[in-house]
Amino acid sequence: HFGISRISQAGAIAAVQDQAWVADVKTQVIKARKRIREIAEANGLTALPSATNFMAVDCGRDGAFARAIVDGLLQHGIFIRMPGIAPLNRCIRVSCGREEELEKLASALPKVLSMLR
């Protein structure tokens, strides 16, 4: 049985009840999704539509290529994930981080891709 502690429940309830905070988080996620889409398109990749706090970015090739991008970004201190099952493994999963984190991605991604192409 995997339950949620009472402290976790109280924190979640307080967060949901703070509608100004919820609205701010939603706004930040929407801005981050837009920025991730811009970064992907600037690098010849395709960000897939999302209503979540992350985006799948289609790398346009196979899982080995997507894995190389994940590994390359990790060398720049950027941790992203990728689905493990084909054909989704041709994508990388980018979380809707803060602006400064996304700017690190914008800087590192073209460097990684230039080494792979």
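User: Let's start with Pro87. Is that residue buried or exposed?
Analyst: In this predicted model, Pro87 is exposed, with a relative accessible area of 61%.

User: And where is the place of Pro87?
Analyst: Pro87 sits in the loop between H3 and S3.

User: What about the peptide bond from Ala86 to Pro87, cis or trans?
Analyst: That bond is cis, and its omega is near 5°. For background, most peptide bonds are trans.

User: OK, zooming out. What does the secondary structure of the protein chain come to?
Analyst: There are 4 helices and 3 strands. If you read along the sequence, the pattern goes α-α-β-β-α-β-α.

User: What box do the C-alpha atoms fill?
Analyst: Roughly 50 × 35 × 25 Å, taken along the principal axes.

User: How many of the 117 residues are buried, as a percentage?
Analyst: Buried residues come to 30% of the 117.

User: And among contacts between residues at least 6 apart in sequence, what share joins residues at least 24 apart?
Analyst: That share is 58%.

User: Which residues are buried in H2?
Analyst: Val22, Val29, Ala32, Arg33, Ile36, Ile39 and Ala40 are the buried ones.

User: What do those pack against?
Analyst: Quite a list: helix H1 (6-17), strands S1 (46-47), S2 (54-58) and S3 (91-95), and helix H4 (99-116).

User: What happens just after H2?
Analyst: Gly44 is there, with a positive phi of about 75°. Most residues other than glycine have a negative phi.

User: How do H1 and H2 cross?
Analyst: Their axes come within 5 Å and cross at roughly 80°. H1 and H2 are therefore roughly perpendicular to each other, as angles of 65 to 115 degrees count that way.

User: Which residues make that contact?
Analyst: On the H1 side, Ala15, Val16 and Gln17; on the H2 side, Gln19, Trp21 and Val22. By class, that contact has 4 nonpolar, 2 polar and no charged residues.

User: And at what angle do H2 and H4 pack?
Analyst: About 5°, with the axes 10 Å apart. That makes H2 and H4 roughly parallel to each other, because angles under 35 degrees count as roughly parallel.

User: Who makes the contact there?
Analyst: H2 brings Ala32, Arg35, Ile36 and Ile39, while H4 brings Leu102, Glu103, Leu105, Ala106 and Leu109. By class, the contact has 7 nonpolar, no polar and 2 charged residues.

User: Now the core. Of the 27 residues in the largest nonpolar core, which touch the most other members?
Analyst: Val57, Ile69, Leu73, Ile92 and Leu109.

User: Which elements give two or more residues to this core?
Analyst: H2, S2, helix H3 (63-75), S3 and H4. H4 gives the most, with 6 residues.

User: Pick Leu73. Where does Leu73 lie, and is Leu73 buried or exposed?
Analyst: Leu73 is in helix H3. Leu73 is buried, and its relative accessible area is 0%.

User: What does Leu73 touch?
Analyst: Not counting residues up to four places away in sequence, Leu73 touches Ile78, Ile80, Leu105, Ala108, Leu109 and Val112. The C-alpha atoms of Leu73 and Leu109 are separated by 6.8 Å, and these two are 36 residues apart along the chain.

User: And what is Ile69 in contact with?
Analyst: Leaving aside neighbours within four places in sequence, Ile69 is in contact with Cys59, Ile92, Leu109, Val112, Leu113 and Leu116.

User: Last one: which residues of H3 are buried, and what covers them?
Analyst: The buried residues of H3 are Gly63, Phe65, Ala66, Ile69, Val70, Gly72 and Leu73. What covers them includes S3 and H4. As for span, H3 has 13 residues and reaches 18 Å from first C-alpha to last, close to the 18 Å expected at 1.5 Å a residue.

Definitions and conventions:
Residues numbered from 1 in each chain as written. Predicted model: local features only at pLDDT ≥ 70, side-chain atom pairs only at ≥ 80, totals over all residues. Heavy atoms only, no water. Buried < 20%, exposed > 50% of the residue type's maximum accessible area, 1.4 Å probe, protein only. Contact = heavy atoms within 4.5 Å. Core = buried A, V, L, I, M, F, W, Y, C linked by side-chain atoms within 4.5 Å. Axes fitted to C-alpha atoms, helices over the stretch in contact; angles between N-to-C directions. Parallel < 35°, antiparallel > 145°, perpendicular 65-115°, else oblique. Nonpolar A, V, L, I, M, F, W, Y, C, P; charged D, E, K, R; others polar. Expected span 1.5 Å × (residues − 1).
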